[in-house]
Amino acid sequence: IGTLQAAPAHGDLQHGAHGTFIKMPAGFVSDIHIHTGEYWAVVISGVGVNGAPGSADVLLPVGSYWSQKGGERHVTKCISSNECIFFINQSDKFDDIPDGMKK
């Protein structure tokens with residue numbers, strides 16, 4: 001379906017604290033994954049979903065926000081017909097660890 005794109009607002013997502021815009025293609029569904037550090041996110045455009053694997057989709061339209069605990073398994077989606085843009089803020093560097101890789 002496509003790849004994610006990132007644009008920095010402040011900091012550097014690969015090295016530490018950051019605020020980053022993430023563009024997710026329409027119809028994108030991530031694999032189950034975790035992040036080492038907690039983050040929070042705001043939906044700038046599109047309709048997203050972020051939740052535990054197998055949970056019911058809770059729609060996150062423009063202006064919605066969520067927080068994601070570090071080490072918690074989840075799936076992130078863009079379910080709108082147009083791309084999604086999320087702004088994420090994190091005090092740690094951003095990582096994406098596939099399910100099962102970290103115990």
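What follows is a chat about the labels and what backs them up.

Reply: Some ground rules before we start: this is a predicted model, where local features need pLDDT of at least 70, side-chain atom pairs count only at pLDDT 80 or more, and totals for chains, interfaces and linings use all residues. Residues are numbered from 1 along each chain as its sequence is written, and side-chain values use heavy atoms, with hydrogens and water left out.

Me: Why is S64 called buried?

Reply: Buried means under 20% relative accessible area, with exposed over 50% and partly exposed in between (1.4 Å probe, protein chains only). S64 comes in at 16%, so it counts as buried. You'll find S64 in the loop between β5 (48–51) and β6.

Me: What does S64 touch?

Reply: Leaving out residues up to four places away in sequence, S64 touches A41, V42 and V43. Contact here means heavy atoms within 4.5 Å.

Me: How do you know that β2 is largely enclosed by the rest of the structure?

Reply: Five of its seven residues are buried, so β2 gets that description. A strand, by the way, is a DSSP run of E with at least two residues, numbered from the N terminus.

Me: What makes β1 and β2 a pair?

Reply: Two strands pair if DSSP finds at least two bridges between them. β1 and β2 (residues 18–24) have six, in the antiparallel sense, so they pass. Q5 stands opposite K23 in β2, and A6 stands opposite I22.

Me: Why do β1 and β6 count as edges?

Reply: The open sheet has five strands in the order β1-β2-β8-β4-β6, with antiparallel pairing. β1 (5–11) and β6 (65–68) each have a single partner strand, so one side of each is left without a neighbour in the sheet.

Me: What makes the largest pocket a pocket, and what is its volume?

Reply: On a 1 Å grid over the protein atoms alone, a pocket is an open set of points with protein on both sides within 12 Å along at least five of seven lines. The volume, meaning the space filled by probe spheres set on the points, is about 340 Å³. Lining residues have an atom within 4 Å of a point; there are 19, and L4, I22, H35, F94 and D96 lie nearest the centre. β1, β2 and β8 (84–90) each give two or more residues to that lining.

Notes:
Helix = DSSP H or I, 4+ residues; strand = E, 2+ residues; numbered from the N terminus. 1 Å grid on protein atoms, 1.4 Å probe; cavity = no way out; pocket = protein on both sides within 12 Å on 5 of 7 lines; lining within 4 Å.
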